[in-house]
Amino acid sequence: MAKTIGAPRGTRDLLPEATPAWDRVEAVARDLSRRYAFDRIEIPLFERVELFARGLGESSDAVEKEMFRVGGARGSEEERAEWALRPEPTAGIVRAFIEHGMHVRPGPLRLTMIGPMFRYDRPQAGRYRQFTQWDVEVLGDAGPAVDAELIELAMRFYRDVGLSDAVARVNSIGDAACRPAYRQALVDYFTGHVERLTDDSRRRLEVNPLRVLDDKALPEDLADGAPRASDHLCADCRAHFRTVLDLLDGLGVRHVVDHRLVRGLDYYTRTAFEFVIAGREGQQQALGGGGRYDGLAELLGGRSTPGIGFGIGLDRTVLAMEEQGIALPPPPAVVAVVGTGDDHADRLRVAATLRDAGLAVRPDGTSRKLGKQLESAAKAGARWAAIIGEELAAGEVILRDLETGEQRPVAADQLVEAITGRSASVDDAMRSR
Ligand code: HAM
């Protein structure tokens, strides 16, 4: 036998038993996107490396360590260095906003997408090389209300998928006016303790000192004593942040101010936030995160446009749902259509009629013995079997309840009613369509 080929490291196949949870989180994300009046946008899976380097920052992990480079087989080294699979969608969405002159549209623009992202990181539980985000972005609104609205939206998402104890960690990391002084305060402080920093942090101290706070290995006392962004905010940033916190209080959104929260991408200004399960802050990677990026459009060559958004990791959301044992709605009840001999035309016709009424149907395509067909329908999880036999000549089929084994003849034109009238789960399945 030929050697088998496995899936690439850090990727996963989602087999049918895993996909109902994904259907659920995607359905909740789409429903909330509609209710919060977001429009769908799609962007390419790969972009110029330069877009990410400029947008997310050369020193961000996503660019420095985790770029997933792509290039054609015939491309030169240079050409191949030019492209990367998207590690996140914000830079691409802002690129599209600029490229298509979307600033002339009536704003603020509310854009959303769900799709795979790629980071060439060391894989572990909850960290994959291909993962999926639900992303939302608002472009053209500088005020604090939208910050609170988006945090409330994300928290509503976690609640609607059934997760308890999600909490928003929020911080403000200032803007172009006040960040330089805060940066300098961090450099001064950490330079005095450089012997206690990891190699990674020493490097960060030079390129992006805020990210030293992000180092998981930073000693607790050193972190606690570090200058806080909130003490270095300019008056505008402080007022903005205060209002965001007041609005969150007013909305009853569970949140904590986390002075160490700086986020791993360089485009952020002012409000930054992450979502975690309460009590698991230390161990668990964030279920989602985002923030304001008022300078990004300009950085990418567009006109100055404020922006804010978040990305929710659907893989980690599904993992958290599994950990919390969240029950999923039952799958739609399936009707098997079975028969005898070569009556496939009849089976397919009956199946089509049931499908017209919205039912899920699997006709048996074999000519096995009836008993075998019923057995495999039950094993496959079908709830009923419509058995086609000689009664069809008189306009009837046999409807068998595969759970109880009861069966009775039903007029073919009453079949849908006989099935839907009998089962709450079918009613539910039909109602949720
Ligand atoms: P991020 O924090 O890099 O932000 O990613 C958002 C979420 O994606 C994370 O909280 C996590 O749930 C998930 N995630 C990230 N990396 C992985 C991975 N390797 N495996 C599994 N899940 C992962 C952004 O990407 C920003 N674009 C968010 C944003 C939108 N900010 C403004 N607008």
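The shell around the ligand consists of nine nonpolar, ten polar and seven charged residues (nonpolar: Ala, Val, Leu, Ile, Met, Phe, Trp, Tyr, Cys and Pro; charged: Asp, Glu, Lys and Arg; polar: the others, Gly among them). The model is predicted, with local features needing pLDDT of at least 70 and side-chain atom pairs pLDDT 80 or more, while totals for chains, interfaces and linings use all residues. Residues are numbered from 1 along each chain, and side-chain values use heavy atoms, without hydrogens and water.

**Exercise 1.** State how many residues surround the ligand and which strands supply at least two of them.

*Solution.* 
Step 1. The ligand is surrounded by 26 residues, each with a heavy atom within 4 Å of it.
Step 2. The closest are Glu88, Thr90, Arg119, Tyr128 and Tyr268.
Step 3. At least two shell residues come from each of β6 (130-139), β10 (288-292) and β11 (307-313); strands are DSSP runs of E, at least two residues long.

**Exercise 2.** Find the distance from a polar backbone atom of Gly288 to an oxygen atom of the ligand.

*Solution.* 
Step 1. A polar contact is a pair of N or O atoms within 3.5 Å.
Step 2. For Gly288 the distance is 3.2 Å.

Definitions and conventions: Polar contact = N/O pair within 3.5 Å; in protein donor to acceptor, adjacent residues only side chain to side chain. Helix = DSSP H or I, 4+ residues; strand = E, 2+ residues; numbered from the N terminus.
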